[in-house]
Amino acid sequence: MSGTRVSETLRSELLGTAGLTVAVIVATGLTYSRRLEAGHLRAGNARATFIALIALQALHFTEEYAAGFHERFPAFLGLAPWPATFFVPFNVIWLGIWVGAALGLRAGYQLALFPAWFLAIASVANGIAHPVLALATRGYFPGLWTSPLLAAGGMLLWRRLMTITARA
């Protein structure tokens with residue numbers, strides 16, 4: 001791959017995922033401004049919701065990949081397509097982080113809240129973005145079918161995380 005092509009691809013990957021930066025900032029703020037309540041009775045509900053949402057995100061990623069999101073979304077933004085060697089590991093690594101965080105929440109680790117908050121926020125954002133992209137392109141946009149499930153799950157996870165945390 002030539003240097004120009006590498007820089008175009010890297011630019012596309014950075015700009016195309018920049019929206020997730022907002023989710024990272026909000027999730028970071030929530031992680032440090034809200035503390036897990038020790039022995040909270042509803043923690044199991046939050047973990048179960050988190051695990052279910054991880055499974056939904058895996059299904060969403062599968063839909064996106066199969067339908068070519070990694071090519072169509074960057075093109076929609078006027079960017080170079082994302083290679084599968086970026087898109088697949090990016091998603092699989094996040095799935096792994098979320099699974100690890102679900103285990104961390106079970107153990108009561110405060111830091112495990114960050115990936116949970118991030119997934120809740122990103123899920124709601126997906127639930128909004130994919131229908132908007134479908135409307136903008138006047139047709140199916142990869143990820144559209146699973147995005148409403150993500151939005152609903154993200155809102156539920158947000159609510160459950162709020163019940164197991166308190167202001168720091």
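Colleague: How much space lies in the largest pocket?

Modeller: The largest pocket holds about 570 Å³ of space, and of the 29 residues that line it, Gly-16, Leu-20, Phe-69, Ala-122 and Asn-126 are the closest to its centre. On a 1 Å grid over the protein atoms alone, a pocket is an open set of points where a 1.4 Å probe fits, with protein on both sides within 12 Å along at least five of seven lines, and a lining residue has an atom within 4 Å of a point. Grid points are joined across faces, edges and corners, and the volume is the space filled by probe spheres set on those points.

Colleague: Before we go on, what do the numbers rest on?

Modeller: This is a predicted model, in which local features need pLDDT of at least 70 and side-chain atom pairs count only at pLDDT 80 or more, while totals for chains, interfaces and linings use all residues. Residues are numbered from 1 along each chain as its sequence is written, and side-chain values use heavy atoms, with hydrogens and water left out.

Colleague: Back to the pocket, then: which helix gives the most to the lining?

Modeller: H6 gives the most, with nine residues. At least two lining residues come from each of helix H1 (3-16), helix H2 (19-33), helix H3 (43-67), H4, H5 and helix H6 (113-137), where helices are DSSP runs of H or I with at least four residues, numbered from the N terminus.

Colleague: And what classes of residue are in the lining?

Modeller: The lining has 21 nonpolar, seven polar and one charged residues, with Ala, Val, Leu, Ile, Met, Phe, Trp, Tyr, Cys and Pro counted as nonpolar, Asp, Glu, Lys and Arg as charged, and the others, Gly among them, as polar.

Colleague: Staying with H6, at what angle do H6 and H7 pack?

Modeller: H6 and helix H7 (residues 147-164) pack at about 145°, with their axes 7 Å apart; the axes are lines fitted to C-alpha atoms, for helices over the stretch in contact, and angles run from 0 to 180 degrees between N-to-C directions. The residues of this contact divide into 14 nonpolar, six polar and no charged.

Colleague: Is the crossing left-handed or right-handed?

Modeller: H6 passes H7 in a left-handed crossing, meaning that the near helix is turned anticlockwise from the far one by less than a right angle.

Colleague: Which residues does Leu-161 contact?

Modeller: Leaving aside neighbours within four places in sequence, Leu-161 is in contact (heavy atoms within 4.5 Å) with Leu-113, Ala-116 and Trp-117. Leu-161 sits in helix H7, and its C-alpha atom is separated by 9.3 Å from that of Asn-45, 116 residues apart along the chain.

Colleague: What about Ser-147, buried or exposed?

Modeller: Ser-147, found in helix H7, is buried, because its relative accessibility is 0%. Beyond residues up to four places away in sequence, Ser-147 touches His-60, Asn-126, Gly-127, His-130 and Pro-131.

Colleague: Switching to the loops, where does Arg-138 lie?

Modeller: Arg-138 lies in the loop between H6 and H7, and it is exposed, since its relative accessibility is 80%. Its phi is near 55°, a positive value in a residue other than glycine. Most residues other than glycine have a negative phi.

Colleague: And where is Pro-83?

Modeller: Pro-83 is in the loop between helix H4 (69-76) and helix H5 (84-107). With a relative accessible area of 26%, Pro-83 is partly exposed, and apart from its neighbours within four places in sequence it is in contact with Thr-9 and Glu-13. The C-alpha atoms of Pro-83 and Leu-56, 27 residues apart along the chain, are separated by 23 Å.

Notes:
Buried < 20%, exposed > 50% of the residue type's maximum accessible area, 1.4 Å probe, protein only.
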